[in-house]
Amino acid sequence: MKHNQNRRVLLSLYAAVTSALLLTGFTSAAAETGRNAEQKSYIREELFQWDFAEAAGGISGEAVQDTKEAVQAAHAAYLIKLEEEKKAAEEAQRLAEEQAAAEARAAEEAAVAQAAAEAQAASVAVSEQELLAALIYCEAGNQPYEGQVAVGAVVMNRVRSGSYPNTITEVIYQSGQFGPAMTGWLDSVLASGSYTDTARQAAADAIAGSNPVGDCLYFGNGNWGIQIGDHYFH
């Protein structure tokens, strides 16, 4: 019995020692393996970190330099563009000012020319109106006012007809047409201004478009046409 107990004690002690040795060995091996792995990992990390830092530093430097050059080039191009736009705006303004000045000169010249033409036309109109008034006085001074306007309307119908001269003066002085113009009586009345205000007003009305005889181109003492006073218009 005692022998068996001693045997069990020895076996237990052996098992404990063996287990301790085995555990110690495995732990040492595991620790060594872990230290080697850590060293290898550390070396790999150091190498990786160094290579990455060096590469990143190089790339960053090149990128910064390229960016600076690109910014400088863009800024220079922008300044050139601003200068070109400024010159274009100045040129456009200069052209606009020149055009405005030219238009102003043209408008002023046109106004002067128009004023001169109107003055000349007014002068001609006044002189021709006086001539027509003198003719009306000579031809129908003893006729009713409507008959005086009718004589002026005949003259104006001829001016507008296309078959006669296109001015009052030329129509009145056309050869063989009006007796007072052929005898010189018209010129005498015109020079002395001896025609009446009624004749002057009748001339003004006829020139303005008053027309009691339609498109008649003739008048006289005949017996056909539109009769006004002693005259027949046809």
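## Close-up views of a predicted model

**View 1. Glutamine 148 is a buried residue, with a relative accessible area of 4%.** The structure shown here and in the views that follow is a predicted model. Glutamine 148 counts as buried because its relative accessible area of 4% falls under the 20% limit used for that class. The residue belongs to helix α2, and its side chain reaches the backbone oxygen of glutamine 143 at a distance of 3.1 Å. Once neighbours within four places in sequence are set aside, the residues in contact with glutamine 148 are Ile136, Ala140, Gly141, Gln143, Thr198, Ala199 and Ala202.

**View 2. Helix α2, residues 145-161, has a length that agrees with its residue count.** Directly after the helix comes glycine 162, which has a positive phi, near 90°.

**View 3. The largest nonpolar core of the model comprises 34 residues.** Within this core, the residues with the most contacts are Leu132, Val155, Ile172, Leu186, Val213 and Phe233. Helices α1 (2-140), α2, α3 (168-173), α5 (185-192) and α6 (197-208) each contribute at least two residues to it. In soluble globular proteins, nonpolar side chains tend to be buried together. For leucine 132, when neighbours within four places in sequence are left out, the residues in contact are Gly152, Val155, Met156, Ile168, Ile172, Ala203 and Ile207.

**View 4. Arginine 94 takes part in salt bridges with glutamate 91 and with glutamate 98.** In the pair formed by arginine 94 and glutamate 91, the closest N and O atoms are 2.4 Å apart, whereas the bridge between the side chains of glutamate 98 and arginine 94 has an N to O distance of 2.5 Å. Arginine 94 and glutamate 91 both lie in helix α1, three residues apart, and glutamate 98 and arginine 94, also both in α1, are four residues apart; each spacing is about one turn of the helix. An α-helix has 3.6 residues a turn, so residues three or four places apart point the same way. Arginine 94 is partly exposed, at 35% relative accessibility, as is glutamate 91, at 35%, and glutamate 98 is likewise partly exposed, with a relative accessible area of 41%.

**View 5. Aspartate 197 and arginine 200 form a salt bridge in helix α6.** The closest N and O atoms of this pair are 2.7 Å apart. Because aspartate 197 and arginine 200 are three residues apart in helix α6, about one helical turn separates them. Aspartate 197 counts as exposed, at 59% relative accessibility, whereas arginine 200 is partly exposed, with a relative accessible area of 27%. Elsewhere, salt bridges that share partners join Glu91, Arg94 and Glu98 into one network, and the structure as a whole holds four salt bridges.

Methods:
Residues numbered from 1 in each chain as written. Predicted model: local features only at pLDDT ≥ 70, side-chain atom pairs only at ≥ 80, totals over all residues. Heavy atoms only, no water. Expected span 1.5 Å × (residues − 1). Buried < 20%, exposed > 50% of the residue type's maximum accessible area, 1.4 Å probe, protein only. Polar contact = N/O pair within 3.5 Å; in protein donor to acceptor, adjacent residues only side chain to side chain. Contact = heavy atoms within 4.5 Å. Core = buried A, V, L, I, M, F, W, Y, C linked by side-chain atoms within 4.5 Å.
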